[in-house]
Every structure is written in C-alpha cells, then in structure tokens.
Amino acid sequence: MRKVEELASSIKDAITIPIVIQEVLELTASKDANARAISKAISHDPILSAKVLKTVNSSFFGFIFKTGDIRDAVVRLGVKQIRSITVAMSIGKLFDGGESLGGYSRLGVWEHSLAVGVMCELVTKICGCPEAKPLSSDAMLTGVLHDIGIILAEQTLKKEYHQVLAISKEEHIPLHLAEKRALGFSHAELASEVLKRWRLPKPIYEGVRVHHDKELEHANLLGKICTMSEYLTAARKIGFPDLTVVPRDSFGHLQLSLGLVGKKVANLRSRFDARMAEAQELFQGAAAV
Ligand SMILES: [Fe+2]
Ligand SMILES: [Fe+2]
C-alpha cells in the first residue's frame, strides 16, 4: 500500500464523519434517492435539522417563503444540494482551532476553501459549458473540500507537516511541491484518498485530486472548475492560498473548455463578493468564521 493510502486509511479510522452524514451520503448516492428517506435520516439529528432549516431559509438560497419542515426543505434544495450542505457543515469543525504557523492557520484554509467553493458555484452558472450547469452544488462542495488534505495532514502528521509548511515558506515554493518532496504525496492526493473512503461521489474526489496538476486536459469537469476557481479567487487574497502555476497554454485551454470567454470572467468577479458574503453568513460558526 502506498504511504498516502496508508495515511488515508488511518485518517478514515481516526476522523469519522457523523453517522447521519454517512446515511445522507448513502441515500443520496442511490438512483432512487427520495426526499422522504433523506428527511427522515436528517430528522434524527436535531442539530443537523436546525442547520438544514437555517440553510433553506437563508439569503444564500433566496426562497421567498420560509419553511419549518425538513421534508419541504429537502424537496426545495434537492438531493445534491442537501448532500453538499450537510457534508460542508459537518466538516467545518475540522478547520477549528490549531495554531498559526507563518501564514498558515486552519481558519485561513477554511476561508480560502469557502471562497473557492463559492467561485466554483458561480462558474457553473456563468460559464458557457452546458455540462457544468447541473453541477453547481457538487462544484461548490468540491471547492469547499479541495484543500481539506492540508488540514488532515497537519492534524495527523503534526511536526512533520509543520516542516512542510516551513519549507514552503522559506523556499517560496508551492505547498504541494514541498509536500511531494518531504512526504512523497500532496494534500490533493491525500484528500482524494480520504474522500473516497468517506464515500463521497467519484467526480468530487477525482476533481479534488487534480487541482494542482499542471496538465488539465484530461481532468474531469469538477477538477477544471475547481482549478479555474482557485485562480479567479486568488486576486482577492482570502485566507490561506495555495496556488499552482499552470502554464499559459493549459490555462488558455481550461478557459476555452469551460467557455469562460468575453465578459464572463469580469461578470464572475463582480458577482463574487455578494455571493461570498451570503455564504459566510450561511456557514457562520462552521469553522468559527
Ligand atoms: Fe490545494
Ligand atoms: Fe486551494
């Protein structure tokens, strides 16, 4: 077994996702996923129920009429959105606490991840790629989860990972390259292996795996959206960034394949701040934001 797989297996045993989220993942993975079964599972957890109601009634979704009924909330949000929201809320606590090391903090990674998630969602709505349109909630979850490998490595490897952070800072090299040199794998690979074991959908963990690849021609759509979103949010300098330098040709190909041409990029940037503010309000407390 490779080192990254060994670590992912030990993380899966040590950091378990709540049973109710596992149930939601099982139910939403099925082709026959139905609102009744999903709302029944959520109803068994009063804290999650309250979060789902807060979500459906938030400005992020903008429904005119409020609801106090879980089944109604599940129907309104839809199966994929429920999966994204419940998983994102349940992993938020992993970003809580910890010490600040140089420019790194767990909260900084959370803020960066949320920003990339918000941009991923906007990209699916604004880009000229028809296949991306139905993926908005999966894309947002991919963005929120894309750097969870940093958090998982830092929490489990501790001093060994602090050295990785120091190498990246002192030598001015991207974090994933410092990880490759010191550990033999990157946080993108680690996250992908853990998300697979947590039974997240394959397009999501595959998208997370490629987010630092230089060649994205063969990456899946969520991977392309996530990488592009990381670029588009970089100028905002939100939280702890971990950008890869993608060669100009690859970037041009990425832009074309997502149909992000003309005024679409400017349009994305102008809509980002308002959407980010709604997301921060929605996820307030998820990682002590
Ligand atoms: Fe990353
Ligand atoms: Fe990132």
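Student: At what angle do the axes of helix H8 and helix H13 cross, and within what distance do they come?

Tutor: The axes of H8 (residues 136-145) and H13 (residues 202-209) cross at roughly 45° and come within 9 Å. That makes H8 oblique to H13. Angles under 35 degrees count as roughly parallel, over 145 as roughly antiparallel, 65 to 115 as roughly perpendicular, and the rest as oblique. An axis is a line fitted to C-alpha atoms, for helices over the stretch in contact, and angles run from 0 to 180 degrees between N-to-C directions.

Student: Before we go on, what kind of model is this?

Tutor: This is a predicted model, in which local features need pLDDT of at least 70 and side-chain atom pairs count only at pLDDT 80 or more, while totals for chains, interfaces and linings use all residues. Residues are numbered from 1 along each chain as its sequence is written, chains are lettered from A and ligands numbered from 1 in the order in which they are written, and side-chain values use heavy atoms, with hydrogens and water left out.

Student: And how are the helices picked out?

Tutor: Helices (H or I, at least four residues) and strands (E, at least two) are DSSP runs, numbered from the N terminus.

Student: Back to H8 and H13. Is their crossing left-handed or right-handed?

Tutor: The crossing of H8 and H13 is right-handed. A crossing is right-handed if the near helix is turned clockwise from the far one by less than a right angle, and left-handed if anticlockwise.

Student: Which residues meet there?

Tutor: From H8, Asp-138, Leu-141, Thr-142 and Leu-145 meet Ile-204, Gly-207 and Val-208 of H13. Contact here means heavy atoms within 4.5 Å.

Student: How do H2 and H6 cross?

Tutor: The axes of H2 (residues 19-29) and H6 (residues 79-91) come within 10 Å and cross at roughly 155°. The two helices are therefore roughly antiparallel to each other. H2 passes H6 in a left-handed crossing. Among the residues that meet are Val-24 and Leu-25 in H2, with Ile-82 and Val-87 in H6.

Student: Changing topic: which residues of H3 are buried?

Tutor: In H3 (residues 35-43), Ile-38, Ser-39, Ala-41 and Ile-42 are buried. They cover an arc of only 155° around the axis, which puts them on the same side of H3. Buried means under 20% relative accessible area, exposed over 50%, and partly exposed in between (1.4 Å probe, protein chains only). The arc is that of the directions from the helix axis to the C-beta atoms.

Student: What covers that side, and which exposed residues does the face turned away from it carry?

Tutor: H2, H4 (46-56), H5 (70-77) and H6 are included in what covers the buried residues of H3. Arg-36 and Lys-40 are the exposed residues on the face turned away.

Student: Which residues of H1 are buried?

Tutor: Val-4, Leu-7, Ala-8 and Ile-11 are the buried residues of H1. Seen down the axis of H1, they fall within an arc of 100°, so they line one face of the helix. An α-helix has 3.6 residues a turn, so residues three or four places apart point the same way. The cover over the buried residues of H1 includes H9 (148-157) and H12 (187-197).

Student: How far does H7 reach, and how many of its residues are buried?

Tutor: H7 has 21 residues and reaches 30 Å from its first C-alpha to its last, close to the 30 Å expected at 1.5 Å a residue. The expected span is 1.5 Å times one less than the number of residues. H7 is mostly covered, with 18 of its 21 residues buried.

Student: What about Ser-113: where does it lie?

Tutor: Ser-113 lies in H7 (residues 106-126). At 0% relative accessibility, Ser-113 counts as buried. Not counting residues up to four places away in sequence, Ser-113 touches Phe-95, Gly-143, Val-144, His-146 and Asp-147.

Student: Last one: where is Arg-199, and what is its phi near?

Tutor: Arg-199 is in the loop between H12 and H13. Its phi is near 70°, a positive value in a residue other than glycine. At 55% relative accessibility, Arg-199 counts as exposed. Lys-237, in the loop between H14 (221-234) and H15 (248-257), has a positive phi near 50°. Lys-237 is exposed, with a relative accessible area of 71%.
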